[in-house]
Amino acid sequence: MTAASTPPERRTRAIRLGPRSWLALVLVSAVGVAGFGWPFLAPPESALNAHAQDAPWLFAGLLVLLVAVVAATISESGLGPKAVAMLGVLAATGAALRPLGAGTAGLEPMFFLMVLSGRVLGPGFGFTLGSVTMFASALLTGGVGPWLPFQMLAMGWFTMGAGLLPGPDRLRGRAEVVLLAVYGFLAAFAYGTVMNMAGWPFMSALASNIAFSPDASLATNLARFLAYCLATSLGWDLGRAAVTVVLTLTLGTPVLKALRRATRRAAFEAPVTFGDAPR
């Protein structure tokens with residue numbers, strides 16, 4: 001068989017999402033959108049705005065429960081021992097990579113690993129890996145707080161999105177690496193933006209003219225939020241995006257090959273059977 005006629009490689013999935021898992025993901029994502037975006041969704045006269053300083057804590061507690069429900073639902077879809085081992089190794093590696101650039105202009109190499117892992121192992125594994133990695137890294141760096149559930153959900157989205165990119169079985173080589181680099185660049189900014197939405201309501205409106213104001217109109221708060229992003233996180237987001245792109249373009253090909261080789265050897269979808277050894 002010639003190289004031209006070789007059938008496309010079929011991606012091995014460590015976790016196959018069933019209808020219940022997809023439903024759980026959709027529901028937790030909907031609540032997450034409300035948790036991140038409530039300052040723009042609630043009208044000025046809403047009772048929610050009367051508790052602007054309490055709402056992030058409420059959504060944080062709710063997201064903890066919902067992320068746990070999603071993880072349990074995905075586990076019921078067939079998270080076998082091989083997938084658990086792979087999840088543990090990648091989550092530990094990602095958690096170890098995060099402190100390397102913590103506090104230095106947003107240089108966070110873990111995002112590069114999350115993109116490539118989500119691409120190879122699929123959206124179900126990607127969401128679980130992103131959430132678990134962020135939780136593990138928070139324990140490692142002492143970054144536990146009301147922002148952690150938002151970080152876990154945002155990283156789960158970020159990694160799951162890589163698993164939903166087109167051409168998982170056919171696209172290979174430089175074209176795939178460029179696709180992942182572009183996705184990583186855009187997703188790094190998206191992650192920073194949604195995390196700004198989670199922390200922005202904590203600012204007191206009296207402390208700054210870029211803080212969230214419950215009494216202001218939607219247009220005014222959008223302008224304040226844009227100014228907040230430009231003033232506080234643009235440098236971090238740019239550093240995160242640049243590091244993700246550089247690492248993806250330089251190390252993407254060998255890391256993708258290593259991940260695919262590991263998944264083939266793990267044979268996640270192969271049933272465990274017992275029988276006589278071949279003669």
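This is a predicted model: local features need pLDDT of at least 70, side-chain atom pairs count only at pLDDT 80 or more; totals for chains, interfaces and linings use all residues.
Student: Which helix gives the largest share of the lining of the largest pocket?
Tutor: A pocket is an open set of points on a 1 Å grid over the protein atoms alone, where a 1.4 Å probe fits, with protein on both sides within 12 Å along at least five of seven lines, and lining residues have an atom within 4 Å of a point. Helices are DSSP runs (H or I, at least four residues; strands are E, at least two), numbered from the N terminus. The largest share of this lining, 6 residues, comes from helix 6.

Student: What is the mean pLDDT of the chain, and which element has the highest?
Tutor: pLDDT is the predictor's confidence in each residue, from 0 to 100, and 70% of the residues of the chain reach 70 or more. The chain mean is 76. Among the elements, helix 2 (residues 55–76) has the lowest mean, 61, and the highest, 91, belongs to helix 6.

Student: How many helices and strands does the chain have?
Tutor: Read along the sequence, the chain follows the pattern α-α-α-α-α-α-α-α. The count is therefore 8 helices and 0 strands.

Student: How much space lies in the largest pocket, and which residues are closest to its centre?
Tutor: About 550 Å³ of space lies in the largest pocket, a volume being the space filled by probe spheres set on grid points that are joined across faces, edges and corners. Of the 22 residues that line this pocket, the closest to its centre are R98, W147, Q151, Y191 and M195.

Student: Why is helix 5 said to be largely enclosed by the rest of the structure?
Tutor: Helix 5 has 16 residues and reaches 23 Å from its first C-alpha to its last, close to the 22 Å expected at 1.5 Å a residue, where the expected span is 1.5 Å times one less than the number of residues. Helix 5 is largely enclosed because its buried residues number 15 of the 16.

Student: Which residues is E176 in contact with?
Tutor: E176 is found in helix 6 and, at 2% relative accessibility, counts as buried. Leaving aside its neighbours within four places in sequence, E176 is in contact with R119, L171, L256 and R260.

Student: How far apart in space are G37 and A198, C-alpha to C-alpha?
Tutor: G37 has its place in helix 1 and counts as buried at 7% relative accessibility. G37 and A198 are 161 residues apart in sequence, while their separation in space, C-alpha to C-alpha, is 7.9 Å.

Definitions and conventions. Residues are numbered from 1 along each chain as its sequence is written. Side-chain values use heavy atoms; hydrogens and water are left out. Buried means under 20% relative accessible area, exposed over 50%, partly exposed in between (1.4 Å probe, protein chains only). Contact means heavy atoms within 4.5 Å.
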